[in-house]
Amino acid sequence: NYIVLYDITCQQRLQKVHRIVSNHAFYVQNSVYAMTATQKEIKALVQELKHLIKQSDDFRIYNVNPNNIENFGRNLAEFFTPSVYASNPTSKTLRK
């Protein structure tokens with residue numbers, strides 16, 4: 001389970017990064033996504049994005065255990081359940 005987040009300084013590259021990440025992960029909020037993936041899938045995502053991320057940008061992927069997430073309001077653990085992935089028509093990796 002991973003949390004993907006980014007801050008891209010160029011609007012054009014931001015849109016491209018958004019499209020790519022949206023194909024692999026479940027949208028949580030602006031520039032924040034939840035993702036269940038293998039190491040191979042994470043490496044493929046990074047490879048796909050490598051040419052778009054510049055020194056001025058911030059792109060992060062955190063490996064998380066949903067049972068150890070402290071939050072208020074909406075529970076992020078809900079993004080790591082198979083039923084959520086199956087109902088997300090924009091996600092490819094998460095349909096499990």
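Colleague: How many helices and strands does the protein have?

Modeller: Three helices and four strands. Helices (H or I, at least four residues) and strands (E, at least two) are DSSP runs, numbered from the N terminus. This is a predicted model, where local features need pLDDT of at least 70, side-chain atom pairs count only at pLDDT 80 or more, and totals for chains, interfaces and linings use all residues. Residues are numbered from 1 along each chain as its sequence is written, and side-chain values use heavy atoms, with hydrogens and water left out.

Colleague: What pattern do they follow along the sequence?

Modeller: The pattern reads β-α-β-β-α-β-α.

Colleague: In which order do the strands sit in the sheet?

Modeller: The order is β2-β3-β1-β4, in an open sheet with antiparallel pairing. Two strands pair if DSSP finds at least two bridges between them. β2 (26-29) and β4 each have a single partner strand, so one side of each lacks a neighbour in the sheet. On average, neighbouring strands are turned by 25° against each other, direction ignored.

Colleague: How many bridges join β2 to β3?

Modeller: Three, and the two strands run antiparallel. β3 covers residues 32-35. Phe26 stands opposite Ala34 in β3.

Colleague: Which strands does α1 lie across?

Modeller: Helix α1 (residues 11-22) lies across β1 (2-7), β3 and β4. α1 runs at about 170° to β1. Axes are lines fitted to C-alpha atoms, for helices over the stretch in contact (heavy atoms within 4.5 Å). Angles run from 0 to 180 degrees between N-to-C directions. α2 lies across β1, β3 and β4 too, running at about 180° to β4.

Colleague: New topic. Where does Asp57 lie?

Modeller: In the loop between α2 (39-49) and β4 (58-63).

Colleague: Is Asp57 buried or exposed?

Modeller: Buried, because its relative accessible area is 12%. Buried means under 20%, exposed over 50%, and partly exposed in between (1.4 Å probe, protein chains only).

Colleague: Which residues does Asp57 touch?

Modeller: Asp7, Ile8, Thr9, Arg13 and Leu52, leaving out residues up to four places away in sequence. Asp7 is 50 residues from Asp57 along the chain, yet their C-alpha atoms are separated by 5.8 Å.

Colleague: What does the side chain of Asp57 make a polar contact with?

Modeller: The side chain of Arg13, at 2.3 Å. A polar contact is a pair of N or O atoms within 3.5 Å; within protein, one must be able to donate a hydrogen and the other to accept it, and residues adjacent in sequence count only if both atoms are side-chain atoms. The Asp57 side chain also reaches the backbone nitrogen of Lys54 at 2.8 Å.
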